[in-house]
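Let's take a friendly walk through a protein model.

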Amino acid sequence: MSEIILPRRQLIARAGGLAAAAGALPLLSGCDAINDAPAVRKILSMGEEMNRASQRALIDRNALAREFSRADLSPYFRPNGTRLPAGAAYAAHVARGFADWRVNVTGLVARPLSLSMTDIRAMPQRTQITRHDCVEGWSAIGQWTGPQLSDILAAAGVKDRARYIVFRCADRLGDALYYESCDMVDALHPQTIMAWALNGAVLPIANGAPLRLRIERQLGYKHAKYVNAIEAVASLDQIGAGKGGYWEDRIDYEWYAGI
Amino acid sequence: MAEAETPVAPEKPAPVRVYRHRLPARIWHWVNAVTLLILLMSGLMIFNAHPRLYWGEYGANFDRAWLVIGSTPDSGYLRVGDYRVDTTGVLGRWTDAEGAEKTWAFPGWATIPTSYSLADGRRWHLLFAWVLSIGLTLYMVWTLLSGHLRKDLHVRRAEWSPRHIWHDMKEHARLRFPRGQAAARYGILQKLSYIGVIFILLPLMIATGLTMSPGMNAAWPWLLDIFGGRQSARSIHFIAAWALVLFVLVHIAMVLLAGPVNELRSMVTGWFRLPPEREERA
């Protein structure tokens, strides 16, 4: 998730798709043309749907990710993606210790909220030692503390029409601010928390200060950092390019990242 | 040998044909040939995203890796434990088709897709993992119901004798393969290889693959206990993948040595021509 990859795929797909595979391209580019063909992309995306449907059917909605003891903590919790959001606004927040940071809870809610970090720390807290799995393959174990997202959503009165929760972030990657989303099963899961502490200390900037999502049954890129807005929506169509997340829209990472 | 009579060439007996591979076995064989190749190449792409392996539950860049494929400013290397070997040109630092130098672990010709894309590697891998899992499940049921397991793969008591196994190993080493009716049945080494792949290696690949899924860890946390943690499962997945590669290489070598046309035809049509018995010489 640290790489920014140009959408070469889209260019090639538009340039001819499968037809290119039949052309005089060398074998390897032929294979890549197959990879890039729209029809093949459609078949490949079936895998994600099969994984999502089967995992949703198999995994109890409240089944917990394994929790560890302090003895199991990684000696150093590796940050990834943005390590320091650019811009004067974020720098000003850092200078004031995030005293003016606001998390707006909006969208399909009965009572829109604007929470300060003090509000968030005043809520009932959950502390959990869990394993963070990056899509790249590495894992790190850390202890996280913060309110359950379900409590925040309950306080805002999420409407029945809401099917997804979208997380807006303060870090700009390339052309856009980072964003992610999840369905209500994961949003209301007991281990889904908005964490402001890592390993018993205030969340470091590199790990998403002042507030980040923990969504323990999915891969790392789903765990939005630097969160300043939580939005309940009925559809992801109007979010970014419609696939529900920054990397999902740009390089076709799976929206369902349970595997 | 001094007789003056015209020598008569011994009449060549018509080859004996046996129906060796039934349709489900043939279909599964070729589906697997394609599936395993795609899984291997897309798996190498996924590995390229983090070319380090660990034991235990966690492992990232600052933790000790037991296997690393890396690069220095002018070379590529593979490190296993404390043993390091220069792999410039193949692993860690290599030149792509356009002549550009790259420092991904596995070279473009070995990965799906050719250029770095973790997202696409995962899409291929996680779709074809389904093809492998469903195919293996159906095949296992079929081997049980059809009697294939009992009749063809079951190791008889006599075959377990070290003498018998040693004899088969020597025959293989001398490239003396069974002929006549004996060629219609699997030898002990073949049986053990196929049983090992179908009932140990392939299920191990699927189980360690699932152990890397954070979703599956919540559903079946015992997977983590069996394999000693997610990073251990990832390491075992990698090792077992190369064990499968080794199996395929030996398998292909044996097909080439035993008669590729006859062997390939039998895996397409099912019909195998028994190699005639060796003529005994006094």
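This is a predicted model: local features need pLDDT of at least 70, side-chain atom pairs count only at pLDDT 80 or more; totals for chains, interfaces and linings use all residues.

Strand S8 covers residues 197–198 of chain A, and strand S4 of chain A pairs with it in the antiparallel sense over two bridges. Now widen the view: four strands of chain A form an open sheet in the order S3-S4-S8-S9, with antiparallel pairing. Which strands are at the edges? They are S3 and S9 (201–202) of chain A, each of which pairs on one side only.

Next, look at where the two chains meet. The contact takes 41 residues from chain A and 37 residues from chain B. On the side of chain A that touches chain B, these elements each supply at least two residues:

| Element of chain A | Residues |
|---|---|
| Helix H3 | 27–36 |
| Helix H4 | 38–58 |
| Strand S3 | 126–133 |
| Strand S4 | 139–146 |

Helix H4 of chain A gives the most to this side, with seven residues. By class, the side of chain A that touches chain B has 22 nonpolar, nine polar and 10 charged residues.

In soluble globular proteins, nonpolar side chains tend to be buried together. The largest nonpolar core here has 77 residues, and A:Phe167, A:Cys169, A:Met194 and A:Val227 touch the most other members. Helix H1 of chain B (residues 23–49) gives the most to this core, with eight residues. Leaving aside residues up to four places away in sequence, A:Cys169 touches several residues, including A:Leu177, A:Tyr179 and A:Val227.

Definitions and conventions. Residues are numbered from 1 along each chain as its sequence is written. Chains are lettered from A and ligands numbered from 1 in the order in which they are written. A nonpolar core is a set of buried Ala, Val, Leu, Ile, Met, Phe, Trp, Tyr and Cys residues joined through C-beta atoms within 7 Å. A residue is buried if 20 or more other C-beta atoms lie within 10 Å of its own, exposed if 12 or fewer, and partly exposed in between; C-beta atoms are placed from the backbone. Two residues are in contact if their C-beta atoms, placed from the backbone, lie within 7 Å. Ala, Val, Leu, Ile, Met, Phe, Trp, Tyr, Cys and Pro count as nonpolar, Asp, Glu, Lys and Arg as charged, and the others, Gly among them, as polar. Two strands pair if DSSP finds at least two bridges between them.
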